[in-house]
Amino acid sequence: MRKPSCDINKNKGTWSQEEDQKLIDYVNKHGDVCWSTLPQAAGLLRCGKSCRLRWMNYLRPDLKRGNFAEDEEDLIIKLHALLGNRWSLIAGRLPGRTDNEVKNYWNSHIRKKLISKGMDQNNHGLNHKMISPLQNSFMSNSSESFGLKEISKTSKTQVENYGEISNASSGEDIESYALLDINLELSL
DNA sequence: AAGTAATGCAACCGCCGAATG
DNA sequence: ACATTCGGCGGTTGCATTACT
């Protein structure tokens, strides 16, 4: 039996200011941390996963917070049409945004918007036969030209399996896909 | 003003793959 | 080769706030 990832006897729920400060102080002092040992070392009654989540989603100094700009929203819609619910990949294209934030924003705002416009929330009316090769192209280039953090094999495999694997990544084909209103230059 | 419904978002849960022993 | 641990991810839950009656 696998043991629970988090100790049920530990704190749960909203983080207090004191807890946040302890976490910030510890990470600032030690830099890269081992999340599994951090709670004890930092004097926190939380599990490592909870600490990591808190840091990644809310305490990191490079986070933007606040409302999404219109261009950010557009980009999310386009990337979602391309990648599906790969929130971490989508968030990777949006500096200062987290996967959780993007996911929440999608579920609470964009999805409703698309539904109210009568658009398919999954592919937004785009033809998957056209999207799939583009996905491959995106994924194969992503870690280099797009400056993405390394994409896990999992994600890559899942995206590859998402549609037909085609050999349509040639320059010519890509050009035709550019007809789609998906600007993968992404000025990103 | 009080009660209820809807909404937004922070946090948790469970699963997976990679790394390690 | 196998078991275990860890970090990371997407889906879901539940609480706090806001809107409505």
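Because the model is predicted, local features are reported at a pLDDT of at least 70 and side-chain atom pairs count only at pLDDT 80 or more, whereas totals for chains, interfaces and linings use all residues. Residues are numbered from 1 along each chain as its sequence is written, chains are lettered from A and ligands numbered from 1 in the order in which they are written, and side-chain values use heavy atoms, with hydrogens and water left out.

Chain A contains 9 helices and 0 strands, where helices (H or I, at least four residues) and strands (E, at least two) are DSSP runs numbered from the N terminus. Read from the N terminus, the order of elements in chain A is α-α-α-α-α-α-α-α-α. Of its 188 residues, 38% count as buried; here buried means under 20% relative accessible area, exposed means over 50%, and partly exposed lies in between, as computed with a 1.4 Å probe on protein chains only. Among the contacts in chain A with a separation of 6 or more, 64% are accounted for by residues 24 or more positions apart, a contact being defined by heavy atoms within 4.5 Å.

Two packed helices are described by the angle between their axes and the distance between the axes. In the present case, the axes of helix H1 (residues 17–30) and H3 come within 11 Å and cross at roughly 90°, the axes being lines fitted to C-alpha atoms, for helices over the stretch in contact, with angles that run from 0 to 180 degrees between N-to-C directions. H1 is therefore roughly perpendicular to H3, a description that applies to angles of 65 to 115 degrees, while those under 35 count as roughly parallel, those over 145 as roughly antiparallel and the rest as oblique. On the side of H1 the contact is made by Asp20, Leu23, Ile24, Val27 and Asn28, and on the side of H3 by Cys51, Arg54, Trp55 and Leu59. These residues divide into 6 nonpolar, 1 polar and 2 charged, where Ala, Val, Leu, Ile, Met, Phe, Trp, Tyr, Cys and Pro count as nonpolar, Asp, Glu, Lys and Arg as charged, and the others, Gly among them, as polar.

H4 is followed by Gly84, whose phi is positive, near 75°.

H6, with 18 residues, reaches 24 Å from its first C-alpha to its last, close to the 26 Å expected at 1.5 Å a residue. A kink of about 45° in H6 is centred on Trp106, the bend at a residue being the angle between axes fitted to the seven residues ending there and the seven starting there. Trp106 is also one of the buried residues of H6, together with Asn100, Glu101, Val102, Tyr105, Ile110 and Leu114, and what covers these buried residues includes helix H3 (48–59), H4 and helix H5 (87–92). Lys112, also placed in H6, counts as exposed at 55% relative accessibility.

The loop between H3 and H4 holds both Arg60 and Arg65. Arg60 counts as partly exposed at 22% relative accessibility and, leaving aside its neighbours within four places in sequence, is in contact with Trp55 and Thr98. Arg65 counts as partly exposed at 39% relative accessibility, and its phi is near 60°, a positive value in a residue other than glycine. Most residues other than glycine have a negative phi.

Technical notes. The expected span of a helix is 1.5 Å times one less than its number of residues.
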